[in-house]
Amino acid sequence: MSESPRVAFVTGGSSVIGWETGRLLVAAGYDVVLTARREAVLKAAADEIGARYVAADSAEVDEFAEVVAACGGRVDLLVHAAGVNEGTFVRQESIDTFDNVIRVNLRSAFVVSQAVLALMPPGGRIIVVSSSSAHEPHPGNTAYRHSQ
């Protein structure tokens, strides 16, 4: 009796980092579920690498629950690669842009991690992709990185 493949979720699966991560995981034998907000682009990405997909907003609990439901009850690996880099200096920043950056880059990490933890077997992993801006702050992009 063969063991079923490990299941991996990749958020941000329709963009470069998420897509490439998904491609590598499919090549390594994972059953990959890509997720992102833009369904048409996500479907094309999933079709190209041989992954499944569920369009959803990773910052929305109910939407991400649909992604979790697609996994079949088990998640061995979560790669959270969804994120945005937008905004500007505080004096010019809109509250809507600030809120969106926090929502996509911070809230979504909590939502997806909380959603998959109950389905992770011992040895499961969560990887949160971050930016080099964590090590080299730049002026501007207030919500995204610290302004000096």
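**Entry 1**

I began with Asp 31, which counts as partly exposed at 23% relative accessibility. The cut-offs are under 20% relative accessible area for buried and over 50% for exposed, with partly exposed in between, using a 1.4 Å probe and protein chains only. I note that this is a predicted model, in which local features need pLDDT of at least 70 and side-chain atom pairs count only at pLDDT 80 or more, while totals for chains, interfaces and linings use all residues. Residues are numbered from 1 along each chain as its sequence is written, and side-chain values use heavy atoms, with hydrogens and water left out.

I looked up the partner of Asp 31 and found a salt bridge with Arg 52, where the closest N and O atoms are 2.9 Å apart. Asp 31 is in strand β2 and Arg 52 in strand β3, so the pair ties together parts that are 21 residues apart in sequence. Arg 52 is also partly exposed, at 33% relative accessibility. A salt bridge here is a side-chain nitrogen of Lys or Arg within 4 Å of a carboxyl oxygen of Asp or Glu. Helices (H or I, at least four residues) and strands (E, at least two) are DSSP runs, numbered from the N terminus.

**Entry 2: other salt bridges**

How many salt bridges does a search of the whole structure find? It finds 6. I looked at Asp 47 and Lys 43, whose side chains meet at 2.6 Å, N to O. Both lie in helix α2, 4 residues apart, about one turn of the helix. Asp 47 is partly exposed at 49%, and Lys 43 is partly exposed at 37%.

I then took Arg 103 and Asp 57, which form a salt bridge at 2.3 Å, N to O. This pair links distant parts of the chain, with Arg 103 in helix α4 and Asp 57 in the loop between β3 and α3, 46 residues apart. Asp 57 is buried, with a relative accessible area of 12%, whereas Arg 103 is partly exposed at 21%. Salt bridges that share partners join Asp 57, Glu 60 and Arg 103 into one network.

**Entry 3: helix α2**

Which residues of α2 (residues 39-49) are buried? I listed Leu 42, Ala 45, Ala 46 and Ile 49. They cover an arc of only 95° around the axis, which puts them on the same side of α2. The arc is that of the directions from the helix axis to the C-beta atoms. The face turned away from the buried side carries the exposed residues Ala 40 and Glu 48. The cover over the buried residues includes α1 (16-27), β2 (31-36) and β3 (52-55). Just after α2, Gly 50 has a positive phi of about 80°.

**Entry 4: Met 120**

I found Met 120 in the loop between α4 (95-117) and β5 (125-128). Met 120 is buried, with a relative accessible area of 16%. Its C-alpha atom is separated by 7.8 Å from that of Leu 77, 43 residues apart along the chain. Leaving aside neighbours within four places in sequence, Met 120 is in contact (heavy atoms within 4.5 Å) with residues including Val 75, Asp 76, Arg 125 and Ile 126.
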